[in-house]
Every structure is written in C-alpha cells, then in structure tokens.
Amino acid sequence: MSRTRLERVRASLGIAQLALQQIEDDLRADDVDASELAAILRELQEDIAVPGGLFPALAQLVSTAARKAEQFEPYRDGVASCSLHEAATLITDNAGQRMTWAARALEPQGDDT
C-alpha cells in the first residue's frame, strides 16, 4: 500500500525535525564562537534572491499553501490565503531580517552586503 500524502508530509517533517535538532545540538557546542554562530545564522537566513536557507524555503512553502488555499476559498474572501501570505511575509521580512541583524551584530565583517 502506498503512503498517503499526509503520511509523506509527516515523514518529511520528521526528517526536518531531526535535521533541525542536529543544528540545535551544534549550536549548543561549547566551542562555538561568535564568528561561527554568525556563519550558522547566515546559513539559516540567506538572501531571498539566493536559493537556499531555511527561512526562504519555509516562506516559499507557506506561500505555496496560500496559493492553494486561494483555490478553495468561498467567494474569494481570502481569509485563509491572506493569513498564509502574511505568515510567509513575516518569515522573510520579520524573522529572517532579525536573523540577518543578529549575524551582523556578531560578526559585521563577515557580511558580504
């Protein structure tokens, strides 16, 4: 029997959680210095124009869900899709920007912009 879509999503989330736990474990290491922490933060939050980075990927996933929600909303009222679009924006514009600021504060010379 093939797995259902929801089962695949759950399995993928489990894999993502394991990967994030590994990153958290690395962050807890006693030998992490400010420079390395800044580099890790930059990896998590790359520029949205550059492929990669956790925050841009998460924002893209939420935006995809928003576009799908638009197809199901009665009378195009936008309640679900607007909430999802706003969440995607908050991920990149708010959380992502704060990660960038933190990385710059830890190691200003490591920032290429």
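**Entry 1: elements of the chain**

I take helices as DSSP runs of H or I with at least four residues and strands as E runs of at least two, numbered from the N terminus. On that basis I find four helices and zero strands in the protein chain, and from the N terminus on the elements run α-α-α-α.

I note that this is a predicted model, in which local features need pLDDT of at least 70 and side-chain atom pairs count only at pLDDT 80 or more, while totals for chains, interfaces and linings use all residues. Residues are numbered from 1 along each chain as its sequence is written, and side-chain values use heavy atoms, with hydrogens and water left out.

For the chain as a whole I looked up burial, where buried means under 20% relative accessible area, exposed over 50%, and partly exposed in between (1.4 Å probe, protein chains only). Of the 113 residues, 21% count as buried. I also looked up contacts, meaning heavy atoms within 4.5 Å; among those with a separation of 6 or more, 46% join residues 24 or more positions apart.

**Entry 2: H3 against H4**

How are helix H3 and H4 packed? H3 covers residues 54–70, and I read an angle of about 170° with H4 and a distance of 7 Å between the axes; the axes are lines fitted to C-alpha atoms, for helices over the stretch in contact, and the angles run from 0 to 180 degrees between N-to-C directions. The two helices are therefore roughly antiparallel to each other, a label that applies to angles over 145 degrees, where under 35 is roughly parallel, 65 to 115 roughly perpendicular and the rest oblique.

From H3 the residues that meet H4 include Phe55, Leu58, Ala59, Val62 and Ser63, and among their partners in H4 I list Leu84, His85, Ala88, Ile91 and Met99. The residues of this contact divide into 14 nonpolar, five polar and two charged, where Ala, Val, Leu, Ile, Met, Phe, Trp, Tyr, Cys and Pro count as nonpolar, Asp, Glu, Lys and Arg as charged, and the others, Gly among them, as polar.

I then looked at one residue of H4, Ala88, which is buried with a relative accessible area of 5%. Leaving out residues up to four places away in sequence, Ala88 touches Ala59, Val62 and Ser63. Between Ala88 and Val62, which are 26 residues apart along the chain, the C-alpha atoms are separated by 5.6 Å.

**Entry 3: H2 against H4**

For helix H2 (residues 34–44) and helix H4 (residues 79–106) I read a packing angle of about 160°, with the axes 8 Å apart. That makes H2 roughly antiparallel to H4.

Leaving aside neighbours within four places in sequence, I find Glu43 in contact with Gly53 and Leu54. I also noted Thr100, which is 57 residues from Glu43 in sequence, with 10.0 Å between their C-alpha atoms.

**Entry 4: salt bridges**

Side chains of opposite charge can pair when their charged atoms come close. I count a salt bridge where a side-chain nitrogen of Lys or Arg lies within 4 Å of a carboxyl oxygen of Asp or Glu, and by this rule the count comes to two.

One of them joins the side chains of Glu24 and Arg28, at 2.5 Å from N to O. Glu24 counts as partly exposed at 33% relative accessibility, whereas Arg28 is exposed, with a relative accessible area of 56%.

The pair Glu107 and Arg42 also forms a salt bridge, the closest N and O atoms being 3.6 Å apart. Glu107 lies in the segment after H4 and Arg42 in helix H2, so this pair ties together parts that are 65 residues apart in sequence. Glu107 is buried at 14% relative accessible area, and Arg42 is buried at 19%.

**Entry 5: Pro108**

Is Pro108 buried or exposed? Pro108 lies in the segment after H4 and counts as exposed, at 55% relative accessibility. I also looked up Ala38, which is 70 residues from Pro108 along the chain, and I find their C-alpha atoms separated by 9.0 Å.
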